[in-house]
Amino acid sequence: MRRLHRSLLLAARSSPLARHRPPLPVPLHPLFPLHRPPPPRTLPFSTAALPTPPPRDGAPTAQPTADALASLEAAERQESSGDHQKALDLALKALGPLQEAHGGWSLPIARALRLAGAATCRLGSLADSLDSLEAAAEIVDPLQGGGAEAATVAAAVHDQLARTKTAIGRRWEAVASFQRALELKCRFLGAGSAELGDAYRDAAEAYAGVLCFDKALPLCLKALEIAEKRSGEGSAEAAKVRRVLVVAYTGLGRSEEALEQNELVRMEYERLGLDAELSLIEIDGASLRILLGRTEDAMNELKKVMKRANKESEERALAFVAMAKILCSEERSSDSRRCLEIARETLDAKRSVNTERVAGAYTEISMLYESMNEFEMSLCLMKKTLAFLEGASGMQHIQGSISARMGFLLLLTKRIDESVPFLEKAIEKLKNCFGPMHFGLGFAYKHLGEAYIEMGQPESSIKFFGLASDIINAAFGPKHEDSIEILQCTANAYGLMGSYKNAMDFQQRVIDAYESCGPGSDYEIREAHRLLEQIRKKAEGSPSAVFPANTLPVLPEN
């Protein structure tokens with residue numbers, strides 16, 4: 001049964017959205033099969049039975065009242081002016097009469113639900129927003145044969161649904177909604193319109209946000225084409241698109257092309273006199289130069305930023321973080337630490353309006369401390385970053401990545417009981433943000449499996465090693481060292497369980513994998529054969545068997 005979603009009913013009754021709330025609207029109807037409409041039903045929120053709705057392609061039973069349409073239009077005006085509480089009140093006020101006129105399936109009802117979803121999203125009630133927008137999407141999707149008007153409403157619904165899903169941490173699902181909104185806008189917008197260009201850029205950003213850079217790139221190039229035709233190659237509109245293009249090229253490993261686009265943005269910001277934005281783009285340029293091995297050029301770029309920026313500015317702090325990265329790569333640990341201390345002092349003292357930027361800086365700092373084997377400092381900063389992100393909208397991708405890193409470091413430092421909750425939290429967030437096959441999720445599964453082995457629960461570890469193996473194999477291939485190590489971990493787990501046949505099967509797969517890597521793996525092949533022999537001895541009950549080994553020995557370079 002389709003009805004007004006529970007969360008909207010609760011929103012209409014409860015604080016803070018219940019101030020001067022109009023009477024609760026009549027619940028909406030579901031979409032029913034044409035051949036057999038269901039009987040009336042009593043809902044837990046109302047003692048009144050719902051009438052049977054009209055068929056999905058049938059005409060509405062009555063025209064919506066003038067007052068309901070007036071409320072709907074007023075709600076749209078309030079949304080445009082930024083008064084989201086009034087927009088929500090008016091949208092809910094319109095729903096009851098519209099439902100009575102249309103039986104729950106019409107474009108005006110979808111418009112009202114979209115308004116309610118947008119308002120509750122901006123008011124911070126994300127679950128209410130998601131319920132409302134999903135209901136609106138169920139209404140508009142079957143109506144999309146209705147021409148430009150239906151496509152316009154459907155595009156607005158899917159666009160807002162994508163933004164709510166992003167805010168709630170479901171980035172992977174949001175990508176499909178942004179893509180759907182773009183497809184719908186292509187039906188009714190002019191080929192070179194600014195709004196269509198924005199839709200291409202939004203979809204490109206969404207794909208880049210889930211690390212699908214190959215899909216982001218063509219969309220971004222299309223957005224850039226539209227921006228350049230409308231405003232010129234050196235326009236602020238084009239610069240905005242180029243920043244997304246820098247991300248896409250960097251993610252694809254095309255750092256030279258990323259640097260070219262970065263330089264075009266830098267020139268535009270310099271022309272416009274946007275000092276703060278100019279500093280940030282120059283820091284990005286320095287990072288690209290580091291990737292290209294041009295550390296001296298990167299250092300000179302960062303010194304320019306420090307000279308221009310205010311002493312207590314966020315941009316200067318970010319420049320010190322990038323400089324610390326260069327110094328760390330040159331094994332100048334004490335100089336790197338000093339840069340990190342200066343950056344932390346500034347970031348700690350300043351309340352930033354850009355949560356993601358500051359969280360990224362703290363994460364970078366913590367990983368630099370980790371690279372210098374200062375694990376406690378790294379963990380402390382990660383905990384601080386998670387606390388900083390608590391309650392922030394749309395930051396679940398950073399929370400997931402930090403939780404995964406904390407879980408690994410706690411596992412590395414033998415704090416197994418502490419590591420498991422962080423790894424479990426990371427798995428949940430990474431899956432929602434990046435999808436079920438993201439390589440970071442694979443490593444989180446692997447580390448969770450290792451934690452269960454340390455806790456004496458090899459049976460549980462087998463499941464997580466299996467999940468990790470599927471993802472890491474798909475991401476890096478079966479010959480990658482991490483793919484092979486997961487096989488070794490699985491063999492170890494079966495050996496601990498006393499399931500020696502399975503242990504030998506997986507140990508043989510380790511041998512096969514190393515043999516497929518060529519002559520450079522001679523040592524690893526010998527070690528894998530040695531471990532297989534130890535399993536056989538263990539299976540035969542030999543007291544001299546030494547097994548399992550948690551991982552194969554790692555040889556130093558050269």
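Reader: Which residues are linked in a network of salt bridges?

Author: Glu-134, Lys-165, Arg-170 and Glu-173 are. A salt bridge here is a side-chain nitrogen of Lys or Arg within 4 Å of a carboxyl oxygen of Asp or Glu. The model is predicted: local features need pLDDT of at least 70, side-chain atom pairs count only at pLDDT 80 or more, and totals for chains, interfaces and linings use all residues. Residues are numbered from 1 along each chain as its sequence is written, and side-chain values use heavy atoms, with hydrogens and water left out.

Reader: How many salt bridges does the structure hold?

Author: The structure holds 39.

Reader: What makes Lys-229 and Glu-225 a salt bridge?

Author: Their closest N and O atoms are 3.2 Å apart, and the cut-off is within 4 Å. Both residues sit in helix 9 (residues 213–231), four residues apart, so about one helical turn separates them. Helices (H or I, at least four residues) and strands (E, at least two) are DSSP runs, numbered from the N terminus.

Reader: Why is Lys-229 called exposed?

Author: Its relative accessible area is 67%. Exposed means over 50%, buried means under 20%, and partly exposed lies in between (1.4 Å probe, protein chains only). Lys-229 therefore counts as exposed. Glu-225 has 33%, so Glu-225 is partly exposed.

Reader: What does the salt bridge of Glu-485 and Lys-446 tie together?

Author: The closest N and O atoms of Glu-485 and Lys-446 are 3.7 Å apart. Glu-485 lies in helix 22 and Lys-446 in helix 20 (residues 439–454), so the pair ties together parts that are 39 residues apart in sequence.

Reader: Is Lys-446 buried or exposed?

Author: Lys-446 has 5% relative accessibility, so Lys-446 counts as buried. Glu-485, at 25%, counts as partly exposed.

Reader: Where does Leu-496 lie?

Author: Leu-496 lies in helix 22 (residues 481–497). With a relative accessible area of 44%, Leu-496 is partly exposed. Its C-alpha atom is separated by 8.7 Å from that of Gly-456, 40 residues apart along the chain.

Reader: How do you know that helix 6 is close to its expected span?

Author: The expected span is 1.5 Å times one less than the number of residues. Helix 6 (residues 148–168) has 21 residues, and 30 Å is expected. From first C-alpha to last, helix 6 reaches 30 Å. Just after helix 6, Gly-169 takes a positive phi of about 100°.

Reader: How many helices and strands does the protein have?

Author: The protein has 24 helices and zero strands. Of its 558 residues, 51% count as buried.
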